[in-house]
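Subject: Structure for you to look at

Dear colleague,

I am passing on the structure we spoke about, and below it you will find my notes on what turned up when I went through it. Please read them with the structure open beside you.

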Amino acid sequence: VCIVTGDNRQAALDVARKVGVEEDNLFAEVLPGDKAAVVRKVKDACDVVAFVGDGINDAPALAAADVGIALGSGTSVAIDSADAVLTKSDLTDVVTLLSLGSSTLFRIKLNFIWAFGYNVLALPVAAGLTFPLTGQLPPILGGVAMIFSSLLVLTSSLLLRYFTPPKIEPLKVPFSATGGRQYNTF
């Protein structure tokens, strides 16, 4: 986790210490146009970079990151530049977003494996390869089998409705410690 801010170094350092960000991962007094350069620098050292921002000066960095996340209370330029928008301005929702994304990707892979396996087993039957053993199967059975496959994938996808976000204890940072400023983290 890094902090990239245009605010002065001392204020940013105070916040970084309170939230547990190492000083090496603090980029303070960064001009708006240079935030994207910082993102590219971090991308050289990391596989995937997510950037969270809310202002017009964050838009280039949001676009440069692999995953740009805008806060819903941010400017329309930041929201338009982002890949995802958090409706609340709560940074703990970033963890929820990433967890939901992982759960969704897992469900997509599971559905693909199920549908592929089901079709590998059902295609020989549909092609008539089992005809000598089973005789002619009624066409309605093929239709029911296809409906069953689709319903299983649909039901599996609907299980995402029961996603529960991870429990996160919010970090208590006194508002006065930030000098009344909002800080962007990625």
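To begin with the strands, β3 and β4 run parallel and are joined by four bridges, and within this pairing F51 has G68 of β4 as its bridge partner. Please keep in mind throughout that this is a predicted model, and that what follows was computed from it.

The sheet

Taken together, the three strands make an open sheet in the order β3-β4-β5 with parallel pairing, and its edges are formed by β3 (50-53) and β5 (84-86), each of which pairs on one side only. Neighbouring strands in this sheet are turned against each other by 25 degrees on average, if direction is ignored. Helix α5, residues 93-126, packs on the sheet and touches β3, β4 and β5, while its direction makes about 140 degrees with that of β5. Strand β4 is mostly covered, since four of its five residues are buried.

Helix α2 runs over residues 35-45, and its buried residues are K35, A36, V38, V39 and V42. Viewed down the axis of α2, these buried residues fall within an arc of 155 degrees, so they line one face of the helix. The face of α2 turned away from that buried side carries K41 and D44, which are exposed.

In soluble globular proteins, nonpolar side chains tend to be buried together. In this model the largest nonpolar core has 17 residues, of which V4, F27, V38, V39 and F51 touch the most other members. Both α2 and α3 supply at least two residues each to this core, and α2 gives the most, with four residues. There is also a second, separate core of eight residues, among them A12, L13, V15 and L26.

Salt bridges

How many salt bridges does the model contain? With a side-chain nitrogen of Lys or Arg required to lie within 4 Å of a carboxyl oxygen of Asp or Glu, the count comes to four salt bridges, and I describe some of these below.

One of them joins the side chains of E23 and R9, at 3.5 Å from N to O. Because E23 lies in the loop between α1 (9-19) and β2 (26-27) whereas R9 belongs to helix α1, this pair ties together parts that are 14 residues apart in sequence. Both partners count as partly exposed, E23 with a relative accessible area of 44% and R9 at 33% relative accessibility.

Another is formed by D66 with K43, whose closest N and O atoms are 3.4 Å apart. Here D66 sits in the loop between α3 (59-64) and β4, and K43 in helix α2, so the pair ties together parts that are 23 residues apart in sequence. D66 is partly exposed at 35% relative accessibility, and K43 is likewise partly exposed, at 29%.

A further salt bridge links D93 with K88, the closest N and O atoms being 3.9 Å apart. Is D93 buried or exposed? D93 is buried, because its relative accessible area is 16% and the cut-off for buried is under 20%.

Two loop residues

K88, the partner of D93 in that salt bridge, is found in the loop between β5 and α5. Leaving aside residues up to four places away in sequence, K88 touches L71, G72 and D93. K88 and L71 are 17 residues apart in sequence, yet their C-alpha atoms are 6.8 Å apart in space.

The other loop residue to look at is E29, which lies between β2 and α2. Its phi is near 55 degrees, a positive value in a residue other than glycine. E29 is exposed, with a relative accessible area of 51%.

With best wishes

Conventions:
Residues numbered from 1 in each chain as written. Predicted model: local features only at pLDDT ≥ 70, side-chain atom pairs only at ≥ 80, totals over all residues. Heavy atoms only, no water. Pairing = 2+ DSSP bridges. Axes fitted to C-alpha atoms, helices over the stretch in contact; angles between N-to-C directions. Contact = heavy atoms within 4.5 Å. Buried < 20%, exposed > 50% of the residue type's maximum accessible area, 1.4 Å probe, protein only. Arc of directions from axis to C-beta. Core = buried A, V, L, I, M, F, W, Y, C linked by side-chain atoms within 4.5 Å.
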